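Please go through the structure below by question and answer.

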Amino acid sequence: MATMKHIRLLCVFLGLTACTGSESRSGANGGTLAISTGGDPDVLIPSLVQTVQAGQMTDMIYDRLADIGDSLNILNDAGFTPRLADHWTWSPDSLSIAFHIDPRAKWHDGQRVTSSDVRFTFESTMDSTLGTPVAALIGNIDSVTTPDSATATFWFHRHIPQEFYDATFQMPIIPEHIWKGIPPATWRASDAAKHPIGSGRFRFVRWTPRTAVELTADTGNYHGAPKLGRVVWSIAPDFNTALTRFLTGETDFFEALRAENIPEVAKHPELRTKSYRGLSYQFAQFNLRDPANHARPHAIFGDRNLRRAITMAVDRAAIVRSAYDSLALPAIGPTVRAYPTTDANLAQIPFDLPRAKSLLDSLGWRDANGDGVRERRGRPLEFTLAVPATSKVRVRMAVLIQEQLRQAGVKVNVEQLDFPVLAERERKRNFDAVLNSWSTQPSPGAVRGSWGTAGSRAASGNNYGSYESPTFDAYVDSALASFDPATRKSYFTKAYDTIIQDAPAIWLAEPMPTVGYNARLKMAPLRSDAWWAHIPEWSIPADKRIPRDNAPVGAPATPAAPSGQKSP
Amino acid sequence: MPGQIRESAVTSAARPRESAFALGLRRLLAKRSSRVALVILGVIVLAGLLAPFVAPYDPAAQPDIVALKNLPPSLAHPFGTDPYSRDVLSRVIYGARLSLTIGLLATLVSLTLGVAYGAIAGYSGGFVDGIMMRVLDAFLAIPRLLLLLGILVAWPQLSVGALILFLGATGWFGLSRIVRGQVLALKHAEFVTAAQALGASRRRILVRHLLPNLISPIVVAATLGVAHVIVLEAGLSYLGIGVPQPLASWGNIIQDGADQVATLWWMSLFPGLFMVLTVMTLNILGEAFRDAYDRR
Amino acid sequence: MLRYFARRLGQAAIIVAFVATISFALIHVAPGDPFSAVLDNPNVSETVRQTLRAQYGLDKPLPEQFARYIGQVAKGDLGWSFSHDRPVIEVLGSALPNTLLLMGIALFGSFSLGILFALVQVARRGTATDHALSGLTLFLISMPDFWLGILALLAFTYWLPIFPVGGAVDPVMHEYMGLGARFADRLRHLVLPALTLTVLAAGTVARYQRAALLDVLPADYIRTARLKGLTEREILRRHALRNALLPIISLIGLSLPALLTGAFFIEKIFAWPGMGLAVVNAIATRDYPLVVGGVIIGSIMVTLGSLLADLLYAWADPRVRGH
């Protein structure tokens, strides 16, 4: 370890005697997993989490009633394994499920987990003053009752294939005794949020903003202690710093390798890479409505044929190759290949520049004044493509599209916006086009919110481009209501065919997430929706230990400052 | 950190016998270092001016986004290619054009504002002068970069024209102080009083004598100013709030490769070298100008 | 002396008031309402929104908003940072010590180095050493801060990885270290950014000091010293340096803006958790109050610094003391 060696060198140089502190203190535990990450978590309350970092941490700290299997089968309960609930019973009409809480389950503060914690979690999620997007996803759950302290019964409005998934996946259970007295509107800023208490196999130790978040093994956990002693997220302010910390061995794991980093990782014999099937897709989304007046169609993108022509002018395969090398496939629509309901051979609008040009000609968009940009009735064929400045890959794809469309006589202004600003514009539907990305959930049903009419009309809906097609909606609804996998797939295929031909977006890339890890780690399989899901099963063999593995389990022995966040 | 700190020590008003500018220029050219600097700067300026003829490729063209991206320096691409398969040498040449233009135009804005403000303050004197100088003190107390950050975060997505205006509008404070000093000195200079006694109008004298006396501080301020603006623009582009795609400026090219500095080192190194070279020559010339005029 | 002090202090206060006015103007001249993004954001809690409205009096007429704003700045209240979800003054206040540490080291280092360069140059006037050092210092003052930062980062963390890549401490291990190890850990993280900033600032000092030394060298008393039989080196050390040190004091004040600007870039590149990093990152998140707060605090630092330098100068130079 270059890092430790260097500390020692400096110690010799400075003649310091107390330098050996960390090395002399050895404890018998499973070692430390240090993860490089690019930012702080936003909030450590499961229902409010929006950043991927916070998702990783809360998944370690809190438990769900049951865990989804690696195959991400969401139909009924076949793919699920018991977690906080040790077993469950379906009612004969399948309109309710009674979950039995594992009697050994305890919160990290020692209190027992009871059914009323489950009810409290559901009710607080539905509380509008908390304002969580999860509420919209579990609308089919009517209520949760508690016949006894060990049983929580979920009641559903309709019997649908994914009701078990809705009840378990969306809601990690939080402790009622901690949160009960605090108004949900103030949870985010509360002290309790700074020291989360859960029932998961890791417990919270500290969150030093812009530096690190540390969890430690819950050695007395009802599911057994995890194999690792500690998990620390080393927070770097930018991609390069995070990557370099991984390359130099300061951390063991980096989740977001890009194609150009692979050769660098290969130069280090102790480092490995691993790709897995992801659940995200990226696309250039058109606004079909006039940004200034949503009642009117967009002056350019309101026209389906024009959208098709523009799609035709973009060489998606080349863009994906250029931006990702082999670490992504061209996207095939508003979906990902990992879903069992997705047909990977969906018909696409092909790349055909000459045809795109003649199509634009026939639509009346011609370059009469010879400036290289087409125009119609005095309006140039020009639009702004917004892209989050923090995502270098997406910026790259935007500049590539800019040049390709220039060749078709379309002028694109790339506008790099920062994420919160971009999100705000999307929410207000105030944009021409945006280079967007969706990280989807294990259920393909999320497409209802992101591309369906409901998601367009509701102010909080995610269908920012206002694509509205009754045909598409009907196919999606039929698919989600069917229990037979083959029928589901065929309905989804029809839905995807419809939207692809309507071209409300240019489907760009389906990234293949690639992680880098130190060979000293023994990892478990990486789950598509959450590579971190099996961290409690990861381990570091005794002969691969380095000094940082020997830090004792629990909080630091002599904290310089009170651990955790000191903000109000 | 270009050395703008030292304000030029301007000699008190002197009667312009022969053109002060010509005299300074002659002294300047007598120095070998300034001649070398002039030649280097001339080459860079010429390359920028003739960019369409000198650059081997179209700076915005993406000839093959898969096969030709991220190529290290080679004979076909002496400075390598960027992630869009664009030729970095061509972009550096076009970058010279844009960076120098921005530097020059922004400095022109600064000079205009600086001379006008300083002249008004100095000419008015008294209360108005006092207020104007206190305002100037406040502006001088805000580091220029911070002032620009404050402005640019309020007006995101600026066009190049607006960027030039803002760069210019934040660069005149030092000069206007010098100009005011000159005007004040002139007001009380003996020869002015004498000329007045001979019946010449005070205003006419000021205008006639002001300009020649201001030429030296203006030339110095302009030379150093252009250097400073080039560095500032590059810094802002590096922070992502400067020149937009697909235009190329030196800072912008560095920013394009900033997320992969270790692998795409040619994207930081070459534009950076050109920038340092340009700024160095401008600093040499600026200091030489100052020495030439100070010795008078 | 006391009167002088009071007058300069008054001037400084006026400058800060002007800076606050300029900041207020910046916020209000901006196209659109800079707060609308926050006020309309469903993820911002109602309490924060109310605090904001109350704080900025957004519904009040402009003059009243202005009076309120100035009053708050005077009390040290710079508003609420959206991206940190904390008061701006707290965000900047907790980052300030790191920036001051960086700038302090760089100030001390660059002046030592710069004066040393100048002495060597003047002692060997016209030699190859003098020319070489002149070239070097010219190179340094022409170097964009961020470019040298990038080069230093490349050289010493990627190619020759002897320094950690960023931050002020080892995020994973620092809390588990003993006292000595913690100190060493901090030092290890500090070296590269501090050194880079030092080198960047040294060029200006050297050039300035060299000119100052050359200015005093032909002075009468030095001629006298020479007649007394002192060697060139002794003259330099005993007389010229002492007299040329006076302008150095004012250079301290003058060099602060450049040093602060340099610190902003260096902090960004080396992820040094100071004020610069906070402000630069706030640009990315359009955290308006934090950026403007940074402008105000930065200007106050510069104003106070030059005030201090002026007082020091007055104390050192009796000619000023008399005025």
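Q: Is B:Asn70 buried, exposed or partly exposed?
A: The model is predicted: local features need pLDDT of at least 70, side-chain atom pairs count only at pLDDT 80 or more, and totals for chains, interfaces and linings use all residues. Residues are numbered from 1 along each chain as its sequence is written, and chains are lettered from A and ligands numbered from 1 in the order in which they are written. A residue is buried if 20 or more other C-beta atoms lie within 10 Å of its own, exposed if 12 or fewer, and partly exposed in between, with C-beta atoms placed from the backbone. B:Asn70 has 19 C-beta neighbours inside 10 Å, so it counts as partly exposed.

Q: Where does B:Asn70 lie, and what is its phi?
A: B:Asn70 is in the loop between α3 (51-54) and α4 (88-124) of chain B; helices (H or I, at least four residues) and strands (E, at least two) are DSSP runs, numbered from the N terminus. Its phi is positive although the residue is not glycine, with a value near 55°.

Q: Which residues does A:Tyr222 contact, leaving aside its neighbours within four places in sequence?
A: A:Tyr222 sits in the loop between β9 (212-217) and β10 (230-235) of chain A, and it is partly exposed, with 17 other C-beta atoms within 10 Å. A:Pro103 is 119 residues from A:Tyr222 in sequence and 8.8 Å from it in space, C-alpha to C-alpha. Two residues are in contact if their C-beta atoms, placed from the backbone, lie within 7 Å. On that basis the partners of A:Tyr222 are A:Asp102, A:Arg104, A:Ala105 and A:Lys106.

Q: What is the radius of gyration of chain A?
A: Chain A has 19 helices and 21 strands, and its C-alpha atoms fill a box of roughly 80 × 70 × 45 Å along the principal axes. The radius of gyration is taken over C-alpha atoms, and the globule rule is 2.2 Å times the number of residues to the power 0.38. For 568 residues the rule gives 24 Å, and chain A is close to this, so it is as compact as a globular protein of that length; its value is 26 Å.

Q: How many helices and strands are there in chain B?
A: The C-alpha trace of chain B spans about 80 × 45 × 25 Å along its principal axes, and 54% of its 296 residues count as buried. From the N terminus on, its elements run α-α-α-α-α-α-α-α-α-α-α-α. The counts are 12 helices and 0 strands.

Q: Which element gives the most to the side of chain A that touches chain B?
A: The contact takes 18 residues from chain A and 16 residues from chain B. On the side of chain A, α9 (239-247), α12 (316-324), α14 (392-407) and β18 (411-417) each supply at least two residues. The element that gives the most, with 6 residues, is α14(A).

Q: How many nonpolar, polar and charged residues are on the side of chain C that touches chain B?
A: This contact takes 50 residues from chain C and 38 residues from chain B. Ala, Val, Leu, Ile, Met, Phe, Trp, Tyr, Cys and Pro count as nonpolar, Asp, Glu, Lys and Arg as charged, and the others, Gly among them, as polar. The side of chain C has 36 nonpolar, 11 polar and 3 charged residues.

Q: Why is α5(C) called oblique to α11(C)?
A: Angles run from 0 to 180 degrees between N-to-C directions, and axes are lines fitted to C-alpha atoms, for helices over the stretch in contact. Angles under 35 degrees count as roughly parallel, over 145 as roughly antiparallel, 65 to 115 as roughly perpendicular and the rest as oblique. The axes of α5 (residues 88-123) and α11 (residues 275-284) of chain C come within 7 Å and cross at roughly 130°. That angle makes the pair oblique.
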